[in-house]
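This briefing concerns a predicted model.

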Amino acid sequence: MARGKRGTPEVNASSMADIAFLLLIFFLVTTTIASDKGLTLRLPPKRPPDAMDEVKLKDRNVFNVLVNSNNQLLVEEELMDIKRLKEEAKKFIMNNGRDERSSESPDKAVISLKHDRGTKYEVYISVMDELKKAYNELRAEYMGVTVAEYLEMENDEKKSKDPKLEEAKQKIPYQLSEAEPTNVGGN
Amino acid sequence: MSKFAKKSKSTPAISTASLPDIVFMLLFFFMVTTVLRETTLLIENKVPRATQLQKLEKKSLVSFIYVGKPKETNRYGTEPRIQVNDALIAPRDIPRFVYQEKDKLDEAERDKLTVSLKVDVETKMGIVSDIKQQLREADALKINYSAVQALAKDN
């Protein structure tokens, strides 16, 4: 009895690590890393039933992109591989009236995208991505920055108010018109 | 010499007292950077890859619509279906879902609602067009096709 110590014994903390690991693994399993990114788009407002959507556009100012149910691309009446789409779109937008079949100026250029109900979603997204890339590259070029820098500016809440960016957006507006899809390969 | 002879040859045990601190640091890191899975997916959902992505700014203003092939094909069939908040719905129910989501927001922010479409890569565009049409009906015009960053191929 005489040898027994009266002071409180030290708490064994060696299992603390195990407990923390257990918690860590629990959170690793139940959570997903936030990945809220994507291609943003603004839909046209609902059409009143009596209104007619007769907006006259000059044929030369419209860049027609069609995707059929076999996921093939028809750009300006020409079968095209998706790899070439971006370059063709850029050429069309920045034509500035040189070629009489291409657009008059960037702010008049309109991209018309039409797809089928049977088009694969993956293909549709890659077409949208290529078109967006064409515009982003042109805007970046206009501003004198790289595409990566442009994207960073656009995603940053503060930098997106930059007057240079606003100007580029105004000079080269992204005008996409989506037509009602055809129904060849649909369900 | 006796002063030096006393030194023991065995290596001292490495102190593990800071191990819990390290692990807790990791734990907090993961707790901060991740979000809890809010819905159980009844459908297959593998979003496509794209390069020109834009971030969704405010999480509270975003509603998700999932589209894909059902996992339980014997119960729900093999055709792609729409899922919102743990339930599979028909396209005509989308306006009601949008109004519900808008009700949750402040009055000033109602028109800022963004609908994030998480659509499986194997889906056909038909159902996506139907959804877009219904979203127009419900006046939810800001949409976002959810995608993950693809590696840049060639510029």
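A residue is called buried if 20 or more other C-beta atoms lie within 10 Å of its own, exposed if 12 or fewer do, and partly exposed in between. A:Pro44 has 11 C-beta neighbours inside 10 Å and therefore counts as exposed.

**The loop position A:Pro44**

- A:Pro44 is located in the loop that lies between strand 2 and strand 3 of chain A.
- A separation of 50 Å divides the C-alpha atom of A:Pro44 from that of A:Leu22, although the two residues are 22 residues apart along the chain.

**The sheet of chain A**

- Chain A contains an open sheet of five strands, arranged in the order 5-4-3-6-7 with mixed pairing.
- The edges are held by strand 5 (78-80) and strand 7 (176-178) of chain A; each has a single partner strand, so one side of each is left without a neighbour in the sheet.
- From one strand to the next, the twist averages 25°.
- Strand 3 (residues 62-67) of chain A pairs with strand 6 (residues 110-115) of chain A in the parallel sense, over six bridges.
- Within this pairing, A:Val65 has A:Leu113 of strand 6 of chain A as its bridge partner, and A:Leu66 stands opposite A:Lys114 in strand 6 of chain A.
- Strand 3 of chain A also pairs with strand 4 (residues 73-75) of chain A, here in the antiparallel sense and over three bridges.
- The bridge partner of A:Val67 in strand 4 of chain A is A:Leu73.
- Strands 3 and 4 of chain A form a hairpin with five residues between them, and A:Asn71 in the turn has a positive phi of about 65°.

**Helix packing in chain A**

- Helix 2 (residues 82-93) and helix 3 of chain A pack with their axes 9 Å apart, at an angle of about 40°.
- The crossing of helix 2 of chain A past helix 3 of chain A is right-handed.
- Helix 2 of chain A contributes A:Ile82, A:Leu85, A:Lys86, A:Ala89, A:Lys90 and A:Ile93 to this contact, while the residues from helix 3 of chain A include A:Val127, A:Leu131, A:Ala134 and A:Leu138.
- By class, the residues of the contact between helix 2 and helix 3 of chain A are eight nonpolar, one polar and five charged.

**Contact between chains A and B**

- In chain A, 48 residues are in contact with 50 residues of chain B.
- On the side of chain A that touches chain B, two or more residues come from each of helix 1 (16-30), strand 1 (31-33), strand 2 (37-42), helix 3 (121-143) and helix 4 (147-155) of chain A.
- Helix 1 of chain A gives the largest share of that side, nine residues.
- The side of chain A that touches chain B comprises 21 nonpolar, 14 polar and 13 charged residues.
- A:Gly38 stands opposite B:Gln54, which belongs to strand 3 of chain B.

**Chain B overall**

- Chain B has five helices and nine strands, which follow the pattern α-α-β-β-β-β-α-β-β-α-β-α-β-β along the sequence.
- Chain B has 155 residues, of which 28% count as buried.
- Among the contacts in chain B with a separation of 6 or more, 77% are between residues 24 or more positions apart.

Terms used. Residues are numbered from 1 along each chain as its sequence is written. Chains are lettered from A and ligands numbered from 1 in the order in which they are written. This is a predicted model: local features need pLDDT of at least 70, side-chain atom pairs count only at pLDDT 80 or more; totals for chains, interfaces and linings use all residues. Two residues are in contact if their C-beta atoms, placed from the backbone, lie within 7 Å. Helices (H or I, at least four residues) and strands (E, at least two) are DSSP runs, numbered from the N terminus. Ala, Val, Leu, Ile, Met, Phe, Trp, Tyr, Cys and Pro count as nonpolar, Asp, Glu, Lys and Arg as charged, and the others, Gly among them, as polar. Two strands pair if DSSP finds at least two bridges between them. Axes are lines fitted to C-alpha atoms, for helices over the stretch in contact, and angles run from 0 to 180 degrees between N-to-C directions. A crossing is left-handed if the near helix is turned anticlockwise from the far one by less than a right angle, and right-handed if clockwise.
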